[in-house]
Amino acid sequence: MTEDRPETDRVDVAVIEDHPLYRHAVVRVLTEAEGIELGAVVDSVARFHVHPQPPGSVVLLDLGLPGIAGAAAVFQVCELGHHVLVVSAQAESEQVLGAIAAGAKGFLSKDVDVDELLTAIRTVAQGRAYVSAVVAGMIIKDNADRPVAAPDVALSAREKQVLRLVAAGERDVDIARILGIGVRTVRGYLDRIRDKLGERRRAGLVRKAIQLGLASPPEVPGPSRPVAPRDDAGGFEGRR
């Protein structure tokens, strides 16, 4: 037996999405799909915490959630033992890289069609990465426009630890708790990291962490079909 699950196996899926119309459309698609077992459907990470969900589920996660959002939301759901597949309107390269650094297995923009959504779910369920061609193209273009950090940037061991945690979406107070140091000490490390990397914004630090090998970027799959527009109700076009 291999570790990868055959595509014919049941895939447990949960949805964390706060937009009612889009959530309804996704639920309709998943309910009709063969081999999909739909579990929790909630509008926030806080609500997801109180819904039992089988370990190793694929969790479709929006980034623009109330409360815990963005890379921090990805990190929390991954910590629960699930495979996160981000499906978000926030598909700029900074959001994509931040989500992947926090542990997301895949990233789709919200205008993805039904077939690609189901393909991504089954791919991620097998422990493999999936990024739609549209999102991958944005990452490639963005990285081509930016200078790559020099591989010999002299970060100390502690600075690397801090940068890894930033890339995972942790806040300053959480980094302090994890490392057992004060918040002011964490911010001192961050100031030194920013000076060394020449990057002030947190999203930029995530990108630098990936470039330095402190957080892994996604594998980019082969070309996929162009995405199809959603219907007027904010859902997906039906399968043919």
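Trainee: How do β1 and β2 pair, parallel or antiparallel?
Mentor: Strand β1 (residues 11–16) and strand β2 (residues 36–42) are parallel, with 5 bridges. Pairing takes at least two DSSP bridges between the strands, and the elements are DSSP runs numbered from the N terminus: helices are H or I with at least four residues, strands are E with at least two. Keep in mind it's a predicted model, where local features need pLDDT of at least 70, side-chain atom pairs count only at pLDDT 80 or more, and totals for chains, interfaces and linings use all residues. Residues are numbered from 1 along each chain as its sequence is written, and side-chain values use heavy atoms, leaving out hydrogens and water.
Trainee: What does valine 15 face in β2?
Mentor: Valine 41. In β3, valine 15 has leucine 60 opposite.
Trainee: And how many bridges join β1 to β3?
Mentor: 4, with β3 covering residues 58–61 and running parallel to β1.
Trainee: What's the strand order in the whole sheet?
Mentor: β2-β1-β3-β4-β5-β6, an open sheet of 6 strands with parallel pairing. β2 and β6 (130–131) are the edge strands, each pairing on one side only.
Trainee: Switching to helices, how do α9 and α10 cross?
Mentor: The axes of α9 (residues 183–197) and α10 (residues 202–211) come within 11 Å and cross at roughly 65°. Axes are lines fitted to C-alpha atoms, for helices over the stretch in contact (heavy atoms within 4.5 Å), and angles run from 0 to 180 degrees between N-to-C directions. So α9 is roughly perpendicular to α10, a label covering 65 to 115 degrees, with under 35 roughly parallel, over 145 roughly antiparallel and the rest oblique.
Trainee: Which residues of α9 make the contact?
Mentor: Leu190, Ile193, Arg194 and Leu197, against Arg202, Leu205 and Lys208 of α10.
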